[in-house]
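Please examine the sequence and the structure before reading on.

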Amino acid sequence: MEKLIAHSADEFVGKQLYEDHIHGVYDRAVKHLEYVLKYCENESLKEVLTEILKAAAVYHDFGKLDEISQQLLHGAIKFSKNVKMINHTDAGACILINFAREFAGKEDYDNMFKCLMSAILVTGHHIGMLQPERQSKRGITKADIFNNFTILRDKQRVLDRCPNYKNDVVNEY
């Protein structure tokens, strides 16, 4: 199997391996958070915010591990009206929500809260960060993104389509 990728090459950026992308996002998120946390005096809040952001960084593109999504990103099959990537934010958000449910069942509400907050960040990571020139060339509109803005929309389909990767990535976190 080819290496997993997060972004196919286009006129703006080259192909990016999934692992490199996740590490890069994680590192940038932590760096930006460190700047923000200089203004926070509450050590407990700093820890909570750090855990929330780190989890969101790890899971934000989890849906791109889907087999069809990988074929599209590698160019093995072409995007069309009937062949599209799944909403890649849903998979990570669903996993985080499932973690939250497990924590709630154990009455561990602190970790439940962290997982839910991370899921919200994952679900919204493209909203407000839309780069119109890149997205319009791909045929993606703001309306498309807002129509897909639901955490639980394709939960089972997403998780079913990521069986080979789900456990490895989840257990790594």
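Helices (H or I, at least four residues) and strands (E, at least two) are DSSP runs, numbered from the N terminus. The model is predicted: local features need pLDDT of at least 70, side-chain atom pairs count only at pLDDT 80 or more, and totals for chains, interfaces and linings use all residues. Residues are numbered from 1 along each chain as its sequence is written, and side-chain values use heavy atoms, without hydrogens or water.

**Overall architecture**
- The chain contains 9 helices and 2 strands, in the order β-β-α-α-α-α-α-α-α-α-α from the N terminus.
- Of its 173 residues, 36% are buried (buried means under 20% relative accessible area, exposed over 50%, partly exposed in between; 1.4 Å probe, protein chains only).

**Helix 4**
- The 18 residues of helix 4 (residues 88–105) should span 26 Å at 1.5 Å a residue, and the 27 Å between its end C-alpha atoms agrees; the expected span is 1.5 Å times one less than the number of residues.
- Its buried residues include His88, Cys94 and Phe99.

**Salt bridges**
- There are 3 salt bridges (a side-chain nitrogen of Lys or Arg within 4 Å of a carboxyl oxygen of Asp or Glu).
- Glutamate 43 and lysine 46 form one, at 3.3 Å from N to O; they lie 3 residues apart in helix 2 (residues 43–59), and are therefore separated by about one helical turn.
- Glutamate 51 and lysine 114 pair at 2.9 Å, N to O, joining helix 2 to helix 5 (residues 109–123) across 63 residues.
- Glutamate 51 is partly exposed at 35% relative accessibility, whereas lysine 114 is buried at 15%.
- Aspartate 61 and lysine 64 pair at 3.4 Å, N to O; aspartate 61 is buried at 2% relative accessible area, and lysine 64 is buried at 5%.
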